Amino acid sequence: MALNMKKGAPAPSKAEAKEKALKAIRCSSHVATLNLTHVTEFHLLGHLEDPALQPILFGLFLSMYLITVPGNLLIILAITSDPHLHTPMYFFLSILSLDDNCFTSTTVLKLLTDIQTQSRAISYSGCMTQMCLVIIFGCMDDILLTVMAYDRYVATCHPLCYSVLMNPRFCIFLVLASFCVSLLDSQLHNLIVFQFTYIKQVEILGFCCKPAQILHLDCSDTFAKSLLTYLVAALFGFLPISGILLSYCKIISSILQITSSGGKSKAFSTCGTHLLVVCLFYGTAVGVYLESVVFHSFKEGKVASVMYTVVAPMLNPFIYSLRNKDIKATIRKLYSGRL
């Protein structure tokens with residue numbers, strides 16, 4: 001069958017035809033694509049909408065950062081300096097405080113620099129590094145809360161075996177395992193991102209390189225990528241929260257069997273602080289997930305992101321210090337110089 005072709009029009013080469021076919025497969029024809037090998041930087045669009053608000057935003061984020069870091073460091077100092085607090089519960093709390101400081105510093109320091117310099121740009125390598133660190137510290141926060149729920153479960157349901165089950169060697173193993181699992185989560189996301197060939201744009205709708213925002217830049221829609229994405233979400237999201245819920249179901253069941261009202265009150269008080277932190281962490285995390293996957297709302301997404309990355313780590317020291325008598329007593333001793 002003869003083909004209608006314009007005379008004089010050169011036939012496309014095999015390389016050009018392959019390139020055109022690849023782009024047609026990877027992206028819709030209505031989307032302008034960029035070859036990732038030519039991308040040297042991304043632009044963060046989450047904080048430079050109104051220049052008049054920049055001094056206010058800078059002061060607000062700087063204030064929250066200067067509250068978060070010393071607050072968590074004070075918790076760590078109180079736990080390490082008081083021998084009475086050298087227990088598994090406070091050991092995990094000190095690691096959680098350190099992780100919160102690292103998590104906040106990964107995003108807020110870059111944000112403060114961008115506001116001060118009026119810059120939107122972040123290099124490709126800087127964005128990938130920030131994404132990896134956000135995943136590592138965020139996932140470790142997630143797993144540490146699960147570990148702390150297990151610690152409360154053993155203390156409440158098996159008090160006679162607590163010192164044997166939660167021995168120092170096992171506690172250190174749990175922390176190292178949490179870090180290794182977080183590192184694995186980061187590498188799985190890297191495996192997904194480094195498969196990208198074409199992206200839709202270099203603009204990121206946020207103030208940091210969040211994994212969800214980076215994944216949305218890819219214009220391919222392969223089954224393997226979607227499967228791996230949902231698998232990672234299930235392993236590092238659903239399983240930890242399932243472990244927390246199971247632990248607290250056992251804890252509540254055990255507490256309800258206590259006959260004395262004083263015993264019930266003490267048990268609920270011990271677990272209530274951790275449960276409050278869990279609700280704060282997962283409440284903001286679910287908000288970030290819903291805005292990125294379900295609602296695609298930029299404005300609400302920024303609020304959820306700030307709550308997740310800045311406000312939650314800032315409030316944790318206040319929650320633990322105000323609701324925990326041992327921490328408050330140790331901080332008073334440190335303040336008065338008696339410790």
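Buried here means under 20% relative accessible area, exposed means over 50%, and partly exposed is anything in between, with a 1.4 Å probe and protein chains only. The structure is a predicted model, in which local features need pLDDT of at least 70 and side-chain atom pairs count only at pLDDT 80 or more, while totals for chains, interfaces and linings use all residues. Residues are numbered from 1 along each chain as its sequence is written, and side-chain values use heavy atoms, with hydrogens and water left out.

Leu 315 sits in helix H10 (helices, H or I, of at least four residues and strands, E, of at least two are DSSP runs, numbered from the N terminus). Together with Ile 67, Phe 318 and Leu 322, Leu 315 makes a nonpolar surface patch of about 350 Å². Patches take residues with over 30% relative accessible area and no salt bridge, joining nonpolar side chains (Val, Leu, Ile, Met, Phe, Trp, Tyr) within 5 Å and like charges within 9 Å; accessible areas come from the Shrake-Rupley method with a 1.4 Å probe, and for residues only the protein chains shown count as cover. Helix H10, residues 298-323, gives the largest share of the patch, with 3 residues.

On a 1 Å grid over the protein atoms alone, a cavity is a set of points where a 1.4 Å probe fits but cannot get out, whereas a pocket is an open set with protein on both sides within 12 Å along at least five of seven lines; lining residues have an atom within 4 Å of a point. Grid points are joined across faces, edges and corners, and a volume is the space filled by probe spheres set on the points. Among the residues lining the largest cavity are Asp 100, Asp 141, Phe 281 and Asn 316. At least two lining residues come from each of helix H3 (88-117), helix H4 (124-157), helix H9 (261-295) and H10. The lining splits into 7 nonpolar, 1 polar and 2 charged residues, where Ala, Val, Leu, Ile, Met, Phe, Trp, Tyr, Cys and Pro count as nonpolar, Asp, Glu, Lys and Arg as charged, and the others, Gly among them, as polar.

The second largest pocket holds about 640 Å³ of space. It is lined by 22 residues, of which Met 89, Lys 266, Ser 269, Thr 270 and Asp 326 are the closest to its centre. H3, H4, H9, H10 and helix H11 (325-336) each supply at least two residues of this lining, with H9 giving the largest share, 6 residues. By type, the lining of this pocket has 8 nonpolar, 8 polar and 6 charged residues.

Then there are the ion pairs. A salt bridge is a side-chain nitrogen of Lys or Arg within 4 Å of a carboxyl oxygen of Asp or Glu, and the model has 2 of them. Lys 110 pairs with Asp 114, the closest N and O atoms being 3.0 Å apart. Both partners lie in helix H3, 4 residues apart, or about one turn of the helix. Lys 110 is partly exposed at 24% relative accessibility, but Asp 114 is buried at 1%. In the other bridge, Asp 151 meets Arg 152 with the closest N and O atoms 2.9 Å apart, and both Asp 151 and Arg 152 are buried.
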